[in-house]
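Please look through the sequence and the model below before reading on.

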Amino acid sequence: MGLMQREHSKDAEQSHENAAADPSPGAQGVTRVAVLLPSDSSAREAFQDHVARLFSMQARVFHPKDQAELNDELKKGGFDHVVFESQQDLLAMIWNGHGDIGDWCKRGVKIGVCRSGRSSAESLTSAAPREVSRVELIEVAECFERWSVARRRRQVIVATILSVIAIAALAVLLTVKPV
């Protein structure tokens with residue numbers, strides 16, 4: 001390998017390392033961005049346009065029905081960033097059981113939302129998505145998991161009580177003699 005080729009190779013490696021260290025959207029195609037479209041169909045087109053402006057069409061778009069696939073890709077390390085239109089869409093993904101925030105954070109995935117409010121009328125700005133605090137998300141996910149376990153436990157208890165009542169009612173009906 002000649003001197004010029006080695007220098008070109010070193011320059012290319014340095015350029016690649018600099019791009020990899022730059023987490024901003026569009027850093028020479030190195031940053032892998034996933035985007036979950038909003039569940040509100042009326043907001044999808046505006047959000048897609050906003051994302052296209054921010055990431056120069058480098059983002060992979062997922063529809064709300066593809067939450068499980070997005071979660072799997074994030075857990076495997078397929079993306080560096082995931083962007084949601086709103087906090088509501090992020091939390092809905094967690095509540096649907098498709099947001100393994102702990103795994104995402106272990107992988108170093110940055111989580112961003114473009115709208116912080118509940119209102120879909122809030123305008124999308126040209127600014128980059130606001131990064132969501134991982135600590136807050138992990139706390140929310142852990143609280144939700146504890147709540148889900150308690151809820152399932154209550155559902156099992158209620159189902160057991162209703163089953164006992166149904167069996168008792170059936171036993172009464174079978175022991176009553178017709179007149």
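A residue is called buried under 20% relative accessible area, exposed over 50%, and partly exposed in between, with a 1.4 Å probe and protein chains only. By this scale Lys75 is partly exposed, at a relative accessible area of 29%.

This is a predicted model, in which local features need pLDDT of at least 70, side-chain atom pairs count only at pLDDT 80 or more, and totals for chains, interfaces and linings use all residues. Residues are numbered from 1 along each chain as its sequence is written, and side-chain values use heavy atoms, with hydrogens and water left out.

How many salt bridges does a search of the whole structure find? The search finds four, where a salt bridge is a side-chain nitrogen of Lys or Arg within 4 Å of a carboxyl oxygen of Asp or Glu. One of them joins the side chains of Lys75 and Asp100, at 2.9 Å from N to O. This pair links distant parts of the chain, 25 residues apart: Lys75 is in helix α3, and Asp100 is in the loop between α4 (87-95) and α5 (101-106). Helices (H or I, at least four residues) and strands (E, at least two) are DSSP runs, numbered from the N terminus. Asp100 is partly exposed, with a relative accessible area of 27%.

Another salt bridge is formed by the side chains of Asp80 and Arg32, at 2.7 Å from N to O. Asp80 lies in the loop between α3 and β3 (81-86), and Arg32 in the loop between α1 (3-21) and β1 (33-36), so the pair ties together parts that are 48 residues apart in sequence. Asp80 is partly exposed at 25% relative accessible area, and Arg32 is partly exposed at 37%.

A further salt bridge is made by the side chains of Lys65 and Asp66, at 3.4 Å from N to O. Is Lys65 buried or exposed? Lys65 is exposed, with a relative accessible area of 71%, whereas Asp66 is buried, at 17%. Asp66 is placed in the loop between β2 (60-62) and α3 (67-76). Its side chain also has a polar contact with the side chain of Lys65, at 3.4 Å. A polar contact is a pair of N or O atoms within 3.5 Å; within protein, one must be able to donate a hydrogen and the other to accept it, and residues adjacent in sequence count only if both atoms are side-chain atoms.

Helix α4 comes next. Its buried residues are Asp89, Leu90, Met93 and Ile94. These residues cover an arc of only 145 degrees around the axis, which puts them on the same side of α4. The arc is that of the directions from the helix axis to the C-beta atoms. Just after α4, Gly97 has a positive phi of about 85 degrees.

Cys105 is buried, with a relative accessible area of 16%, and Cys114 counts as buried at 17%. A search of the whole structure finds zero disulfides, a disulfide being a pair of cysteine sulfur atoms within 2.5 Å.

On the surface, Ile157, Val158, Ile161, Leu162 and Ile165 form a nonpolar patch, with about 470 Å² of accessible area together. Patches are made of residues with over 30% relative accessible area and no salt bridge; like charges are joined within 9 Å, and nonpolar side chains (Val, Leu, Ile, Met, Phe, Trp, Tyr) within 5 Å. Accessible areas come from the Shrake-Rupley method with a 1.4 Å probe; for residues, only the protein chains shown count as cover. Ile157 is found in helix α6 (residues 134-175) and is partly exposed, with a relative accessible area of 47%.
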